[in-house]
Amino acid sequence: MGRARRAVPLGAVAALFLERQHLARPRAVRLTTKRLGRFVEDVGGLQMDSINVLDRAHYLTLWSRFGPYDRAWLDRAVYRRRLLFEYWAHAACLVPTTTLPWWRRAMLDYRLRHTGWSAWLRRNPRVLGRVRAAVAANGPMGGADFDGRRPGGGSGWWSWRPVQHALHYLWMTGALTIHSRQHFHKRYDLLERALPAALDAPAVSADAFARWHLERSLHAMGAATERDLAGYLTFPRFRPGTRRAALRAMLARGEVTEIAVEGGSGRWLVLTRDLPALARARRAPAAARGTTLLSPFDSLLWHRERVRRLFGFDYRIEVYTPGAERVHGYYTLPILHDGRLIGRVDAKAHRAERRLEVRHVHFEPGFAEATAPTDGDERVAGGRADRDEALSGLAAALGSLATFVGADELVLRRVTPHRLRAPLARALPGP
């Protein structure tokens, strides 16, 4: 299995991570069917979320890579052509339909290894049968199509009606799949009816699934620690020792290589086939070129600790933080410029007014200090020229985002530090 003789710079790990996340040249090419499939294959899943203050998470994640595109085209690719399907990979995600044999194993295992459901299922066996029979007879159905009452008292997860419990369980175990969405509300159908390929996709073995799960995570990250592997594709929660045993087997077969990373603690791992790619990333003059904004649910940000280690960027989404305690804003999008996370943008789409409101642009202290004017010499590294390039890139990204969300007007409010507001405002596209 061996160990690399020379330690790999942390910057090379970050560069390969950006490449695998399709962020080495953000918004440089348009979205096509082939690129959609390749992107989701590479990153392992396209996370979905119901928050819509700006746009849905999965729409934003694709915009970050490819710029404006037709959402209806994407919906057709998912819910008509079935290029992707919804399942739990890192939270709720769209995953490639080609990976169905592997996710079928997770579905089968969920029947035995789910948590929090056993007592409920023992009390409600008829509900599962009734819900599945109704979908089989009537075709795609949503929770609102069933009669039922919420259990008394309580809130949150356990305030769902029994039918909602049943629909979720039948989805997770592969009896049903998400056929489509109406106003983002899920509609379920039999898995084999919505995805006929399921009949020809027998589940892989448990051992094969564990190895595949590790391989997909390592491919998406380029190089990773064992903690990174546990924090990237977070479903399913393997039994203690399962992941470690699979990793030992992959190391023994030479599929995975242990490497040393400069400034990186713990054991770092890379797919052996990716060693040449890591070497190329090490030699590359720059990790990335270009500017974009990232959804809070972007796969680059799935494991926050990894983001801190690789990019020195401490990020959290503050939608669940009381307003008075928020530091950066309700729904902030990290700013990626030339491979660095230099700040974040709190933005809101006012759809009726066709206006994109940029409530707050907050630059990282390191970026703001490094890009201060330096005696008028714009050739100095980190001086005004770098600042202007970053501000120009951010302005272009904001203009692209406004186009994508259908805004005719872009309004800039606060900028921190304030001295960067005027140059950013000047760089923004005109009406």
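At what angle do the axes of helix 1 (residues 10-20) and helix 13 (residues 275-283) cross? In this predicted model, the two axes cross at roughly 110° and come within 8 Å of each other. Because angles from 65 to 115 degrees count as roughly perpendicular, helix 1 and helix 13 are described as roughly perpendicular to each other. Their crossing is right-handed. On the side of helix 1, the contact involves A12, V13, A15, L16 and R20, which meet A277, L278, A281 and R282 of helix 13. By class, the residues of this contact comprise 7 nonpolar and 2 charged, with no polar residue.

An open sheet of 3 strands is arranged in the order 1-3-2, with antiparallel pairing. Strand 1 (46-47) and strand 2 (84-88) stand at the edges; each has a single partner strand, so one side of each lacks a neighbour in the sheet. Between strand 2 and strand 3 (residues 92-96), the antiparallel pairing extends over 5 bridges, and E86 has L94 in strand 3 as its bridge partner. Helix 2 (residues 33-43) packs on this sheet and touches strand 1, strand 2 and strand 3. The direction of helix 2 makes about 120° with that of strand 3.

Strand 8 (residues 268-271) pairs with two further strands, considered in turn. With strand 7 (residues 256-259), strand 8 pairs in the antiparallel sense over 4 bridges; here W268 is the bridge partner of I259. Strand 6 (residues 224-225) also runs antiparallel to strand 8, to which it is joined by 2 bridges, and A224 stands opposite L269. In a regular strand, side chains alternate between the two faces of the sheet. Both faces of strand 8 are covered: W268 and V270 lie on one side, L269 and L271 lie on the other, and all are buried.

A further open sheet consists of 5 strands in the order 9-10-11-12-13, and its pairing is mixed. Strand 9 (291-293) and strand 13 (409-416) form its edges, each pairing on one side only. On average, neighbouring strands of this sheet are turned by 25° against each other, direction ignored. Strands of a sheet pair through backbone hydrogen bonds, in either a parallel or an antiparallel manner. The parallel case is represented by strand 12 (residues 355-363) and strand 13, which are joined by 7 bridges. Within this pair, R414 in strand 13 is the bridge partner of H360.

Key
Residues numbered from 1 in each chain as written. Predicted model: local features only at pLDDT ≥ 70, side-chain atom pairs only at ≥ 80, totals over all residues. Heavy atoms only, no water. Pairing = 2+ DSSP bridges. Axes fitted to C-alpha atoms, helices over the stretch in contact; angles between N-to-C directions. Buried < 20%, exposed > 50% of the residue type's maximum accessible area, 1.4 Å probe, protein only. Parallel < 35°, antiparallel > 145°, perpendicular 65-115°, else oblique. Left-handed = near helix turned anticlockwise from the far one by under 90°. Contact = heavy atoms within 4.5 Å. Nonpolar A, V, L, I, M, F, W, Y, C, P; charged D, E, K, R; others polar.
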